[in-house]
Amino acid sequence: MGPMVTIVGGGFAGSEAAWAAAQRGVRVRLFEMRPGTPTAVHRTGNLAEPVCSNSLKSNRIENASGLLKEEMRGLGSLILPCAEAHRVPAGEALAVDAEAFSREVTERIDAHPLIEVIREEVASLPSDRPLILATGPLTSEPMALALRDLVGGDCLAFFDAVAPTVTLESLDMSLVFRASRRGKGYDSDEPEEEGPPADYLNCPLDRDQYLALQQALGEAEVAEPHLAGEERAPYFDACMPVEELARRGPRTLAFGPMRPIGLRDPRTGRRPYAAVQLRQENRAGTLWGLVGFQTRLKWPDQQRIVRLIPGLQNAEIVRYGVMHRNTYVCSPHVLLPTFELLGKPDIYLAGQITGVEGYVESPASGMLAGLNAARSLSGLPGVVPPDVTVLGSLVRYLVETPAKRFAPMNANYGILPPLPERIRARLEKARRYADRAKPAYDEFVRGL
Ligand SMILES: Cc1cc2nc3c(=O)[nH]c(=O)nc-3n(C[C@H](O)[C@H](O)[C@H](O)COP(=O)(O)OP(=O)(O)OC[C@H]3O[C@@H](n4cnc5c(N)ncnc54)[C@H](O)[C@@H]3O)c2cc1C
């Protein structure tokens, strides 16, 4: 057999990776275990089967997902024309007839003269190179073990417990103050010493504000688990959903993630009754996560409740809290921006296992992995889109986020380098991001 790219997993990422490589004249072998070996959520043997919602989010550039779609079209996406062909009415969202959409993806891949689809579970690491692993959030167990051996045991996660993430520019800094409990014991009430800037932003609450928040958390609606038994997942104490802590008693949060000890509100000079802490989530410092607020609450309830917190009354949430099964590697430790594994030449990862999240982000990563695997076969170096593009910034989020804070991410404007000036109007801001990204992306595509 001549040179070819081998891909494991024919979901959103694997399908787009196969297409990207084959469209560049490279032969592809794509392994997909369904329908012979099912997963807990897929129902058909179709490639790129949506597993829960049927929405690929907005097409409009007001939403970073809309701009990411434009970037994918620029690279010759397969998924997006299939989605447009089987669109169902859903306002501005690109929602699809899931069965017809995934059937068309399957038929087009089956019909491609350079792609061979093999319906077989891959249970160990193939020796073929280039190799792309795109086995998704529900990677089959033998492959998950092989992946763990490949990246190291502490670099593979099987579960997400994520707190909401907000943008720095949406915080009310007249209420929020910077300080950390660093170096302070639980009982210390001393103010911060002089030194380097503290790591945390703090939202102080008085007693009434705290009790209102605690009550709202305890009464809010929890999302249905996607997978049987997921709601009973064993939580480490540090990973208990915040709504569960709120239900345990009125003071549980004030003694837990919202303890105010070691903090002093500069506006009052006193220790607040409670405090919500925010921790920096990306290297640029534009995204901040609520410490200890991992949650299963429904998204509208998360938004309503986060905005009860002083300083967060206008918070823009770019990633909602989730707690669910998800197989993914610690990309900052193991991945290169080309989606090749660090120190493992010609092994690429794509899709949800890299820490991107969603029906658009996963195939977008697949396109880049497929493109780079094809380039490698032709002796060309790997490429990465510029950081002002959505795909480029998503890649940089994966590889540059400090490893201990790494959590999966969807496309949003908060991960792009900030604009030179602050713009409040959401639409205008999105336009500016898009105007900056488009010429840079076009130049990237022209250079391929
Ligand atoms: C329960 C659940 C609900 C979700 N709901 C949504 C949602 O509503 N919206 C959204 O945007 N995202 C959702 N996601 C995330 C979603 O999975 C991704 O957006 C997208 O499917 C990821 O693409 P992927 O290619 O990485 O994985 P997948 O699309 O899952 O593709 C991986 C493929 O690899 C195959 N495979 C696995 N192991 C092997 C093996 N050893 N050998 C051969 N083939 C293998 C699988 O059968 C599968 O076809 C959900 C995830 C889960 C688990």
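Q: Where does Arg 422 lie?
A: This is a predicted model. In it, Arg 422 sits in the loop between α12 (390-400) and α13 (426-446).

Q: Is Arg 422 buried or exposed?
A: Count the C-beta atoms around a residue. Arg 422 has 8 other C-beta atoms within 10 Å, so Arg 422 is exposed.

Q: How far apart are Arg 422 and Val 117 in sequence and in space?
A: They are 305 residues apart in sequence. In space they are 49 Å apart, C-alpha to C-alpha.

Q: Where is Ala 425, and is this residue buried or exposed?
A: Ala 425 is in the loop between α12 and α13. Ala 425 counts as exposed because the count inside 10 Å is 9 C-beta neighbours. Ala 425 and Ser 102 are 323 residues apart in sequence. Their C-alpha atoms are 37 Å apart in space.

Q: What is the mean pLDDT of the protein?
A: The mean pLDDT is 92. A value of 70 or more is reached by 94% of the residues. Residues 183-193 have a pLDDT below 50. Beyond near neighbours in sequence, that stretch has twelve contacts in the model.

Q: Into which domains is the protein divided?
A: There is domain 1 (4-160 + 325-446) and domain 2 (165-320). Taken over C-alpha atoms, their centres are separated by 32 Å. Now look at where they touch. In domain 1, 17 residues are in contact with 15 residues of domain 2. The side of domain 1 that touches domain 2 divides into nine nonpolar, four polar and four charged residues.

Q: How many residues are in the largest nonpolar core?
A: Start with the general idea. In soluble globular proteins, nonpolar side chains tend to be buried together. Here the largest nonpolar core has 126 residues. Ala 17 and Ile 132 have the most contacts inside this core. The largest share, eight residues, comes from α1.

Q: Why does this core lie between domain 1 and domain 2?
A: Both domain 1 (4-160 + 325-446) and domain 2 (165-320) give residues to this core, so the core lies between them.

Q: Which residues is Ala 17 in contact with, leaving aside its neighbours within four places in sequence?
A: The list includes Ile 7, Ile 132 and Ala 134. Further along the chain, Ala 17 is in contact with Ala 350, Gly 366, Met 367, Ala 369 and Gly 370.

Q: How many residues surround the ligand?
A: The ligand is surrounded by 35 residues. The closest are Gly 9, Gly 11, Cys 52, Gly 136 and Gly 351. The most comes from α1, with three residues. By type, the shell has 15 nonpolar, 16 polar and four charged residues.

Q: Which residues does a cis peptide bond join?
A: Most residues other than glycine have a negative phi, and most peptide bonds are trans. In this model, a cis peptide bond joins Arg 34 and Pro 35, with omega about 0°. Pro 35 is in the loop between β2 and β3 (55-58). A cis bond also joins Arg 129 and Pro 130, with omega about -5°. Pro 130 lies in the loop between β6 (115-119) and β7 (131-133).

Q: What is phi for Lys 57, and where is this residue?
A: Lys 57 is not a glycine, yet its phi is positive, near 60°. Lys 57 is in strand β3. With 23 C-beta neighbours inside 10 Å, Lys 57 counts as buried.

Q: Where is Phe 339 found, and is Phe 339 buried or exposed?
A: Phe 339 is in the loop between α10 (331-334) and β16 (347-349). Phe 339 has 31 other C-beta atoms within 10 Å, so this residue is buried. Its phi is positive, about 75°, although Phe 339 is not a glycine.

Notes. Residues numbered from 1 in each chain as written. Predicted model: local features only at pLDDT ≥ 70, side-chain atom pairs only at ≥ 80, totals over all residues. Near = placed C-beta within 6 Å. Helix = DSSP H or I, 4+ residues; strand = E, 2+ residues; numbered from the N terminus. Nonpolar A, V, L, I, M, F, W, Y, C, P; charged D, E, K, R; others polar. pLDDT = per-residue confidence, 0-100. Contact = placed C-beta atoms within 7 Å. Core = buried A, V, L, I, M, F, W, Y, C linked by C-beta atoms within 7 Å. Buried ≥ 20, exposed ≤ 12 C-beta atoms within 10 Å, placed from the backbone. Domains from an automatic or database assignment.
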